[in-house]
Amino acid sequence: MAGESRSLRERITSVSAWSEVAHNFRGDWEMLWKEITVGFLLAGFVAQFDRGFFQSLFIRHAPAPLPTIENVIVGPLVAMLSFVCSVGNVPLAAVLWSGGIGFAGVLAFLSPT
C-alpha cells in the first residue's frame, strides 16, 4: 500500500487504507502502552514529593548562568535514573517543570531519551 500511488480521494475512501491505518495505530499502541503507563505512574509518584524537595534539588536564586548549568546537569541525571521512554518521560518532565527545573533542564531531561 505504501508504494502505491493513489489520489487523495482514493486513499481517504479506501477501506484497505483505513484498515492499514488502524493496524499501524494498534501496533504503535501495543508498543507504547506499558511505557506510557509507567511514565504516568512515575510522574504521579514524583509529584507526591514535597515542594521543598524540588526547591532543594534545583538552584533557584543564583547568578544567571548557574541555574541553567545546574539544570542541564541535573536534568539528564534524573532522566537516567527514571528512564521509561521518550513518551513516558514527558509527564515526569511536566512535574519537574512545576517543581522548579528551568526550560534548559526540561530539554536536557527529554533529550537523552
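1. The side chains of Glu30 and Arg26 meet in a salt bridge, with 3.1 Å from N to O. The term stands for a side-chain nitrogen of Lys or Arg within 4 Å of a carboxyl oxygen of Asp or Glu. The structure holds one salt bridge. Both Glu30 and Arg26 lie in helix α2, four residues apart, or about one turn of the helix. An α-helix has 3.6 residues a turn, so residues three or four places apart point the same way. Arg26 counts as exposed because its relative accessibility is 57%, while Glu30, at 47%, is partly exposed. The classes are buried (under 20% relative accessible area), exposed (over 50%) and partly exposed (in between), with a 1.4 Å probe and protein chains only.

2. The model is predicted: local features need pLDDT of at least 70, side-chain atom pairs count only at pLDDT 80 or more, and totals for chains, interfaces and linings use all residues. Residues are numbered from 1 along each chain as its sequence is written, and side-chain values use heavy atoms, with hydrogens and water left out.

3. The protein has six helices and zero strands, and its elements run α-α-α-α-α-α from the N terminus on. Helices (H or I, at least four residues) and strands (E, at least two) are DSSP runs, numbered from the N terminus. Of the 113 residues, 28% count as buried. Among contacts with a separation of 6 or more, 62% are between residues 24 or more positions apart; a contact means heavy atoms within 4.5 Å.

4. Which residues have the most contacts inside the largest nonpolar core? They are Phe54, Phe58, Leu92, Val95, Leu96 and Phe109, in a core of 13 residues. Helices α2, α4, α5 and α6 each supply at least two residues of this core, and the largest share, four residues, comes from α5. Such a core is a set of buried Ala, Val, Leu, Ile, Met, Phe, Trp, Tyr and Cys residues joined through side-chain atoms within 4.5 Å.

5. Helix α5 covers residues 89-99, and its buried residues are Asn89, Pro91, Leu92, Ala93, Val95, Leu96 and Gly99. Just after α5, Gly100 takes a positive phi of about 125°.

6. In helix α6 (residues 103-110), Gly105, Val106, Ala108 and Phe109 are buried. Seen down the axis of α6, these residues fall within an arc of 165°, so they line one face of the helix. The arc is that of the directions from the helix axis to the C-beta atoms.

7. Not counting residues up to four places away in sequence, Glu70 touches Leu57, Phe58 and Ile59. With neighbours within four places likewise left aside, Phe58 is in contact with Glu70, Asn71, Val74, Leu96, Gly99, Gly100 and Ile101.

8. Helices α1 (8-13) and α2 (15-47) each supply at least two residues of the nonpolar patch. Leu8, found in α1, counts as exposed at 54% relative accessibility.
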